[in-house]
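Reader: I have a model open and would like to learn how to read its side chains. Could you walk me through it?

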Amino acid sequence: MAREAAGGVKGARRPEVRLPSLESYGGGGLEPDGDYDGLEFDAADLGGQDGSGARFMDCALTGCALDETRLRHARLLDSVLSGVRGVGTDLAEATLREVELTDARLGGPQLHGAVLERVLIRGGKIDYLNLRTARLRDVVFEGCVLVEPDFGGARLERVEFVDCALKGADLHAATLVDVDLRGAASVEISRGLDRLSGAVVTPAQLLDLAPALAAQWGIRVEG
């Protein structure tokens with residue numbers, strides 16, 4: 001069951017990934033609908049490769065290049081991704097379950113329509129993260145920088161932002177349930193302020209959001 005956080009909001013359940021002894025990935029390139037079980041991808045250049053529909057189970061991807069890597073409809077299960085980097089990684093409609101993503105440097109990753117459950121995203125920086133119409137449940141963003149993430153039309157349930165910077169987030173048409181923003185280092189919402197129902201913020205964060213809220217509601221503030 002989800003833990004009860006302070007303030008009555010239900011806290012996210014973090015992943016508990018315990019990898020078995022792994023075999024080294026032998027290379028040869030990813031294959032669509034491939035099956036990768038118990039493998040370690042160490043500093044592999046997977047840029048431009050097509051692993052659409054593939055399944056990664058009990059895998060570790062460490063320091064891998066993911067530029068334009070196609071992983072649409074892929075399933076990443078009970079796996080750890082550390083220090084991955086790349087621009088335009090395509091994970092649209094993928095499933096990430098029991099996954100830890102640490103110290104990533106990603107630009108424009110596509111996760112629209114994806115399903116994220118029990119996922120920890122810790123450290124690193126992700127620019128223009130596309131999570132439109134995605135479903136996030138038990139997801140923690142911790143100590144990372146998110147630049148203009150797009151949550152348009154997404155559903156966020158039991159999602160926590162801890163010591164991370166949220167810059168220019170788009171919440172247009174999103175649904176938030178038990179979303180905890182109180183631990184975020186900074187919160188900046190570009191669209192969808194009206195969708196914050198279902199989220200909890202601190203009084204200081206509310207003051208920071210006040211000018212944008214006043215502008216949206218047409219409230220004139222004069223000294």
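Author: Let's begin with a network of salt bridges, which links R13, D138, R155, E157 and R158. A salt bridge here is a side-chain nitrogen of Lys or Arg within 4 Å of a carboxyl oxygen of Asp or Glu. Keep in mind that this is a predicted model, where local features need pLDDT of at least 70, side-chain atom pairs count only at pLDDT 80 or more, and totals for chains, interfaces and linings use all residues. Residues are numbered from 1 along each chain as its sequence is written, and side-chain values use heavy atoms, with hydrogens and water left out.

Reader: How many salt bridges does the count come to by this rule?

Author: The count comes to 17 salt bridges. One of them joins the side chains of R122 and E142, at 2.9 Å from N to O. R122 belongs to strand β9 and E142 to strand β10, so this pair ties together parts that are 20 residues apart in sequence. Strands (E, at least two residues) and helices (H or I, at least four) are DSSP runs, numbered from the N terminus.

Reader: Which strands does the salt bridge between R191 and D170 link?

Author: The closest N and O atoms of R191 and D170 are 3.3 Å apart. This pair links distant parts of the chain, with R191 in strand β15 (residues 186-191) and D170 in strand β13 (residues 165-170), 21 residues apart. R191 is partly exposed at 42% relative accessible area, and D170 is buried at 12%. Another salt bridge brings together the side chains of K125 and D127, at 3.9 Å from N to O; K125 is partly exposed, with 31% relative accessibility.

Reader: What is the nearest side chain of opposite charge to D58, and how far away is it?

Author: For charge, Lys and Arg count as positive and Asp and Glu as negative; His and the chain ends are not counted. The nearest side chain of opposite charge to D58 is R55, 7.3 Å away, and D58 is buried yet has no salt bridge. You will find D58 in the loop between β4 (55-57) and β5 (60-62). Contact means heavy atoms within 4.5 Å. Leaving aside neighbours within four places in sequence, the contacts of D58 include L19, P20, D37, L77 and D78.

Reader: Now the rings, please. How many aromatic pairs does the structure hold?

Author: Rings of Phe, Tyr and Trp (its six-membered ring) pair if their centres lie within 6.5 Å; planes under 30 degrees apart count as stacked, over 60 as edge-to-face and the rest as tilted. The structure holds seven such pairs. Among them is Y36 with F41, an edge-to-face pair at 6.1 Å centre to centre and 70° between the planes. Y36 is buried at 8% relative accessibility, and F41 is buried at 0%. The rings of F141 and F161 have centres 5.0 Å apart and planes at 10°, so that pair is stacked. F141 sits in strand β10 (residues 135-142) and F161 in strand β12 (residues 155-162), 20 residues apart. Ring pairs also link Y25, Y36, F41 and F56 into a cluster.

Reader: Which residues touch the most other members of the largest nonpolar core?

Author: A nonpolar core is a set of buried Ala, Val, Leu, Ile, Met, Phe, Trp, Tyr and Cys residues joined through side-chain atoms within 4.5 Å. The largest one has 59 residues, and F41, L136, F141 and F161 touch the most other members. Strand β8 (residues 95-107) gives the most to this core, with five residues. Not counting residues up to four places away in sequence, F161 touches F141, L146 and F151, among others.

Definitions and conventions:
Buried means under 20% relative accessible area, exposed over 50%, partly exposed in between (1.4 Å probe, protein chains only).
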